[in-house]
Amino acid sequence: MKSELMVKTISALTAAVFMMGALAGCGKAAEEQEASIFETVIEEEAVAKAGPEVFDVAFGEQQADSNYQKYTDPKGWSVTYDPTYINVMPQDDEVFFVYTGDCAGSNVIEAYYEPVFSAKDLVDATVKSWGNESAIQTESTFPGTEDATGYLAMLPPTEEGSGLYEAIIARDYKGGCLVFETIGHNSGDDEMDMLVSDNLSMVIDSITFC
């Protein structure tokens, strides 16, 4: 446990968690876009200081695939994933969604229930532990809900180095909070990074609750 620290249209905020690594490596193609998904999120969030809002982005129609599988957690939530690229590894009170395709480094989502801290406090503590001024925090409706606030923080990859990026999204849940943490690596290969992004974002965006 981490008490001591702490599919047609998807939310632009949750998409940004995984798109930021891919977009960072797109070079001129990304620069020539009028606004990336991530940039749009930040701009709209600055305008929406009065409170949380949902910003939806048309992400292309996702065709039904008989290969997709569903993971159902004992804590009352489930997600959909493509086992061709994602390996699900439950471990004690946590579950890891590990990307197994070609990629620059580890790309994994860790999901767990935190019984002590609130979602906001946990995300705040995580951002503080990063110790990086480039981290960005925001709020929106949590995936799979209509009224639960999701607390999101992102640490974009630097232009040099391993391409490491991190993200966390959490909501208050069952007296504690439900948390999804991501560690990813941007390779600089657009096609490779977008495939990673698509598969990780599918997991987050497909969250449903019993």
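First, the ground rules. This is a predicted model, where local features need pLDDT of at least 70, side-chain atom pairs count only at pLDDT 80 or more, and totals for chains, interfaces and linings use all residues. Residues are numbered from 1 along each chain as its sequence is written, and side-chain values use heavy atoms, with hydrogens and water left out.

Let's start with the sheet. Seven strands make an open sheet, in the order β5-β6-β7-β11-β10-β9-β8. Their pairing is antiparallel. Strands here are DSSP runs of E, at least two residues, and helices are runs of H or I, at least four, numbered from the N terminus. Two strands pair if DSSP finds at least two bridges between them. Which strands stand at the edges? β5 and β8 do; each has a single partner strand, so one side of each is left without a neighbour in the sheet.

Now look at β7, residues 108–114. Is it buried or exposed? 7 of its 7 residues are buried, so the strand is largely enclosed by the rest of the structure. Buried means under 20% relative accessible area, exposed over 50%, and partly exposed in between, with a 1.4 Å probe and protein chains only. In a regular strand the side chains alternate between the two faces of the sheet. Here, Val108, Glu110, Tyr112 and Glu114 point one way. Ile109, Ala111 and Tyr113 point the other way.

Who are the partners? β6 joins β7 through 5 bridges, antiparallel. Val98 has Val108 as its bridge partner, and Phe97 stands opposite Ile109. β11 pairs with β7 over 7 bridges, also antiparallel. There, Tyr112 is partnered with Val179.

Next, the cores. A nonpolar core is a set of buried Ala, Val, Leu, Ile, Met, Phe, Trp, Tyr and Cys residues joined through side-chain atoms within 4.5 Å. The largest has 27 residues, and Tyr71, Trp77, Phe97 and Phe180 have the most contacts inside it. Elements giving it two or more residues include β6, β7, β11 and α5. Contact means heavy atoms within 4.5 Å. Beyond its neighbours within four places in sequence, Trp77 is in contact with residues including Phe97, Ala111 and Phe180. A second, separate core has 14 residues, among them Leu122 and Leu155.

Last, the cysteines. How many disulfides are there? The structure holds 0, counting pairs of cysteine sulfur atoms within 2.5 Å. Cys177 is buried, at 0% relative accessible area. Cys210 is exposed, at 82%.
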